[in-house]
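Subject: Structure handover

Hello,

Here is the structure for you to take over. My notes on it follow below.

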Amino acid sequence: MTYDRLTKADRLTEAGGSAEVGDIAESREAVSCTGLVYAFGDTNAVDGLDLSVREGEVFGLLGPNGAGKTTAIRCVTTLLPVPVGMVRVFGNDAAGDRMAVRRLLGYVPQQLSADSGLTGRENVVLFARVFDVPRRERAERVGQALAAVGLSDAADRLAGTYSGGMVRRLELAQALVSAPRLLILDEPTIGLDPIARTGVWEHIDAVRAATGMTVLVTTHYMDEADQYCDRVALMHHGRIRALGTPDELRAGLGERRRAEGASDTAPPPTLEDVFRDIAGSGLDERSGDFRDVRSTRRTASRVG
Amino acid sequence: MSAAPAAPLPASADPAARNLLLVPPTPRTGWRLLPARVGAMCAVELQKLRHDRTELYTRAIQPALWLLIFGETFTRIRAIPTGGIPYLDYLAPGIIAQSAMFIAIFYGIMIIWERDAGILTKLLVTPTPRAALVTGKAFAAGVKALIQAVVVIVIAALLGVAMTWNPLKLLGVAAAVVLGSAFFSCLSMTIAGIVLTRDRLMGIGQAITMPLFFGSNALYPVSVMPGWLQTISRINPLSYQVNALRGLLLGTPSNLLVDFGVLLVAAALSIVAASSLLGRLAR
């Protein structure tokens with residue numbers, strides 16, 4: 001563990017910042033969005049998003065289907081242009097210097113995106129190659145990435161034979177092989193059974209602990225965010241409606257409820273309660289258009 | 001560092017080893033980037049073919065039938081003026097080009113499948129410019145076509161077609177096959193970028209393969225075509241590919257400079273078109 005701590009410190013020194021807890025002002029921003037607007041036709045999927053992810057934290061972007069999470073993530077990953085506003089990844093403009101941003105990113109999209117016609121190892125090798133890992137260290141690096149997600153034994157089987165949880169871990173290895181500074185995961189546990197969900201999160205956690213990389217994750221599972229995220233932002237109708245550590249958000253709602261006269265014996269609020277409080281009754285109305293639901297179902301059916 | 005790692009990274013277990021997952025690779029820049037990406041895409045294509053050879057075998061059936069049935073029959077009829085060479089010989093280069101085109105023209109379906117599966121999305125977030133990604137895919141289609149060409153050449157040789165074994169000329173044949181499939185696969189990816197769904201692309205692919213094939217000199221010389229068809233043949237890259245293949249394999253008169261020039265320009269234009277539309281698939 002000493003080694004881990006050392007490498008994490010090294011990494012932060014190299015990045016020229018410090019991420020000591022409580023030292024907010026000095027910690028560097030991994031992602032910053034200011035006034036981001038992205039519209040599909042007449043609908044503003046992202047509607048004036050301001051977001052700041054600190055280096056080294058696990059940041060959860062939460063919200064129901066259709067809240068604009070995936071669109072926001074796609075602007076950060078350079079998949080979508082930035083029509084209005086500014087998106088920066090470690091200071092690089094995501095609209096201008098796309099290649100520089102991409103080199104810092106490891107991205108796991110919502111779909112199970114491993115190529116089923118290749119083995120696990122070949123899937124990771126492809127990403128080593130497109131991130132310019134030199135031939136002499138390719139095999140070793142790929143081996144380390146597969147070991148980090150516990151897939152060493154299954155590495156030479158076709159990815160088509162993997163379970164949903166294994167595919168997710170393989171995608172994590174694909175993202176890790178280029179040593180990204182920012183890992184972006186879009187609904188990493190969607191469609192997975194509870195055990196596979198825990199497995200995926202434990203690996204994300206372990207990787208973060210060992211490398212100190214920043215993790216930006218979207219999810220609509222509030223319980224996962226509560227357990228694994230350092231800070232969360234609740235997104236609704238394209239904007240951030242609340243921001244803080246899960247404890248802060250829950251405690252905030254608890255206090256307000258007590259002030260409104262709720263009894264002390266009432267169960268402490270969950271993140272989901274916080275979200276319902278913020279989103280109000282409109283929660284089920286506009287959330288999740290047909291395409292969202294369909295793609296979610298498709299993912300679920302691929303997982304089996 | 002609060003949570004205990006579920007599966008410690010290799011370096012945690014053995015502090016002496018270098019943990020490469022902490023060291024970002026040095027980026028390739030400039031001209032070295034494109035060949036590296038093309039190599040990566042071609043490697044994937046070969047790996048997939050190694051795992052599943054079914055496609056290789058089933059794809060060999062159609063050209064074999066063309067040569068065996070159509071070729072043998074028309075050789076006996078002697079209806080088509082071929083400039084003194086047996087019709088089967090005349091047909092063989094045409095079938096090489098046709099079977100390679102049939103593979104490439106449906107390559108866009110794979111791109112759409114990769115889009116639906118999230119594979120394309122993920123590749124677009126790597127330091128790979130879109131043009132490099134499309135070029136990589138185009139050459140990967142060329143790898144498939146090349147294997148197909150070898151199969152057809154072997155079948156033709158077994159049927160007694162007298163072709164050159166000059167390695168330099170065979171290299172030229174390989175170049176013509178790769179350039180032709182680069183064009184047709186990019187044409188397919190361009191259409192994919194416009195129609196965005198597999199079903200529509202399938203329909204359009206079916207609709208254009210036969211006109212491209214019959215509107216070329218693959219089966220018969222341009223001189224026997226009606227005037228309007230000659231015009232189509234003249235703007236059809238498949239004709240130039242067949243011309244080059246015939247010139248190289250059989251030694252028939254052909255203008256290789258023009259043939260390769262047209263194939264190069266066509267491939268380059270289609271790469272530009274496909275890469276400018278690729279973004280639509282990522283949305």
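In which sense, left-handed or right-handed, does α9(A) cross α10(A)? The crossing is left-handed. Please keep in mind that this is a predicted model.

The helix pair in chain A

Helix α9 of chain A covers residues 246-259 and helix α10 of chain A covers residues 271-279. Their axes are 9 Å apart and meet at an angle of about 60°. On the side of α9(A), the contact is made by P246(A), L249(A), R250(A) and L253(A). L271(A), D273(A), V274(A) and D277(A) supply the side of α10(A). Sorted by class, the contact of α9(A) with α10(A) has 5 nonpolar and 3 charged residues, with no polar ones.

The six-stranded sheet

Chain A has an open sheet of 6 strands in the order β6-β7-β8-β3-β9-β10, with mixed pairing. Which strands stand at its edges? They are β6 (105-108) and β10 of chain A; each has a single partner strand, so one side of each has no neighbour in the sheet. On average, neighbouring strands of this sheet are turned by 15° against each other, with direction ignored.

Strand β3 (residues 58-62) of chain A runs parallel to β9(A), and 4 bridges join them. In that pairing F59(A) has R231(A) of β9(A) as its bridge partner. Two helices pack on the sheet. α2(A) touches β3, β7 (182-186), β8 (214-219) and β9 of chain A, and its direction makes about 150° with that of β7(A). α10(A), already described as the partner of α9(A), touches β3, β9 and β10 of chain A, at about 35° between its direction and that of β9(A).

Strands β9 (residues 231-236) and β10 (residues 239-244) of chain A are antiparallel and joined by 5 bridges. L234(A) is placed opposite A242(A) of β10(A). The two strands form a hairpin with 2 residues between them, and H237(A) in the turn has a positive phi of about 50°.

The four-stranded sheet

A further open sheet in chain A has 4 strands in the order β2-β1-β4-β5, with antiparallel pairing. Its edges are β2 (43-54) and β5 (92-93) of chain A; since each has a single partner strand, one side of each is left without a neighbour in the sheet. β1 (residues 29-40) of chain A pairs with β2(A) over 9 bridges in the antiparallel sense, and V31(A) stands opposite V53(A) of β2(A). Helix α2 (residues 69-76) of chain A lies across β1, β2 and β4 (84-89) of chain A, at about 120° to β1(A).

Chain B

Chain B contains 12 helices and 0 strands. Its C-alpha trace spans about 85 × 35 × 35 Å along the principal axes. Of its 283 residues, 46% are buried. Among contacts in chain B with a separation of 6 or more, 78% are between residues 24 or more positions apart.

L91(B) lies in helix α4 (residues 87-104) of chain B. Is L91(B) buried or exposed? L91(B) counts as buried because it has 25 C-beta neighbours inside 10 Å, where the cut-off is 20 or more. Beyond its neighbours within four places in sequence, L91(B) is in contact with L67(B), G71(B) and L219(B). A156(B) is 65 residues from L91(B) in sequence, with 9.5 Å between their C-alpha atoms.

Regards

Definitions and conventions: Residues numbered from 1 in each chain as written. Chains lettered and ligands numbered in written order. Predicted model: local features only at pLDDT ≥ 70, side-chain atom pairs only at ≥ 80, totals over all residues. Buried ≥ 20, exposed ≤ 12 C-beta atoms within 10 Å, placed from the backbone. Contact = placed C-beta atoms within 7 Å. Pairing = 2+ DSSP bridges. Axes fitted to C-alpha atoms, helices over the stretch in contact; angles between N-to-C directions. Left-handed = near helix turned anticlockwise from the far one by under 90°. Nonpolar A, V, L, I, M, F, W, Y, C, P; charged D, E, K, R; others polar.
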